[in-house]
Amino acid sequence: MRRMRRLTPEGMALLGIVLFVLLAVLYPAITVLTRGAPPAAENPGAGSPGSPDFEIIGKKKEANPTIRVWLDGSLTEMKLEDYLIGVVAAEMPASFELEALKAQAVAARTYTLYKRDHGGCSAHEGADICTNSNHCQAYVTDEEMTRSWGSKKAEYLAKITEAVTSTAGEAIYYQGETIQVFYCASAGGRTENSENVYSKALPYLRSVVSEGEENSSHYYGKATVSVDEFKKKVKKISPAISFDGVPLIGEITRFDSGRVQSIRIGNQSFTGREVREAFSLNSANFTVEQTEDSITFHTIGFGHGVGMSQTGANAMAKKGADYIDILTHYFTGVTVG
Ligand SMILES: [Zn+2]
């Protein structure tokens, strides 16, 4: 039997130096290797320029947590995966491709978890989320599905249930954190950078092409108002406006996506978003046709244009894309899992 030799003090010192050098060499390598999904807190500013309110919350996957939903005037506790069936049914036509419905299910799950972890629904105390589509996220009950689907209910419900269960627990992450999900019915050929619609520039909400939307009934839109009505609505946004001695409609500038960035009306300028809201236009991607007594807006796309286009998602699925292809196309630099 060989006896271990005791280390002398000199030997200990040498060993210490060797270990220190090894660590110094290995540490950067270890850091690089683990950079795939670092907590965002370790990368301040890297992922969220101009968004100081972008909170960092440690994430670990949860198996079907309970969600507090504000539904029909009261708080209802539901299992997340059950709740999502009602959300996907409400937010996307059940006739869409299964992979598009799966993308919607993952998007809705991500939206729900993000909302819950960032203060919940601000309109209803104690609720993680409400069913008002203008505030949080739409939801339909089983009775509402029966009413709107009729004889197709069994088929559609099975399809939506599959979209939810086959992606159970999966969400969209950017640098290890759930993302703020946006989606719209149709992006009119190109989605929009988040800062061009909302104030916040988010690295995963970048403008990308959205092909195959042209055949959707949502693609082209039109809204006509009389010149009097037009002036009245514009005055509502800006009471001090004057139409005297200046063209009614002047210069229009656009973002690369085609959406209106600014439009000169009378002696003032407005954003495309302001005009879209004032006239309830389908989108901010519009042209203006003016006659002696009327103004007609011609729009392309439906919705704000940020994030996933549902029509585009369906078109991608028809061409063979799966839900991960769809989500990573519309949300830049994300992982799904
Ligand atoms: Zn809400």
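Predicted model: local features only at pLDDT ≥ 70, side-chain atom pairs only at ≥ 80, totals over all residues.

Colleague: How many helices and strands does the chain have?

Modeller: The chain has nine helices and 14 strands. Helices (H or I, at least four residues) and strands (E, at least two) are DSSP runs, numbered from the N terminus.

Colleague: And what percentage of the residues count as buried?

Modeller: Of its 337 residues, 45% count as buried. Buried means under 20% relative accessible area, exposed over 50%, and partly exposed in between (1.4 Å probe, protein chains only).

Colleague: Which residues coordinate the zinc ion?

Modeller: The zinc ion is held by C121 (SG), C130 (SG), H135 (ND1) and C136 (SG), at 2.0 to 2.4 Å. Donors are N, O and S atoms within 2.8 Å of the metal (3.2 Å for Na, K and Ca); water is not among the atoms, so sites may look incomplete. Along the chain, the donor spacing is C-x8-C-x4-H-C.

Colleague: Why is the arrangement called tetrahedral?

Modeller: The four donor atoms subtend angles of 107 to 113° around the zinc ion, which makes the arrangement tetrahedral. For four donors, that term requires all angles to lie between 85 and 135 degrees.

Colleague: Are C121 and C130 buried or exposed?

Modeller: Both C121 and C130 are buried. The C-alpha atom of C130 is 9.7 Å from that of S74, 56 residues away along the chain. S74 belongs to strand β2 (residues 74-79) and is partly exposed because its relative accessibility is 37%.

Colleague: Changing topic, why is α2 described as largely enclosed?

Modeller: Ten of the twelve residues of α2 are buried, so the rest of the structure largely encloses this helix. Among the buried ones are L80, Y83, L84 and E91.

Colleague: Finally, what is the strand order in the open sheet of three strands?

Modeller: The order is β8-β9-β10, with antiparallel pairing. Strands β8 (249-254) and β10 (268-271) are the edges, each pairing on one side only. Two strands pair if DSSP finds at least two bridges between them. Four bridges join β8 to β9 (residues 260-265), and I252 has I263 in β9 as its bridge partner.

Note on methods: Residues numbered from 1 in each chain as written. Heavy atoms only, no water. Tetrahedral: all angles 85-135°; square planar, octahedral: opposite > 155°, others 65-115°.
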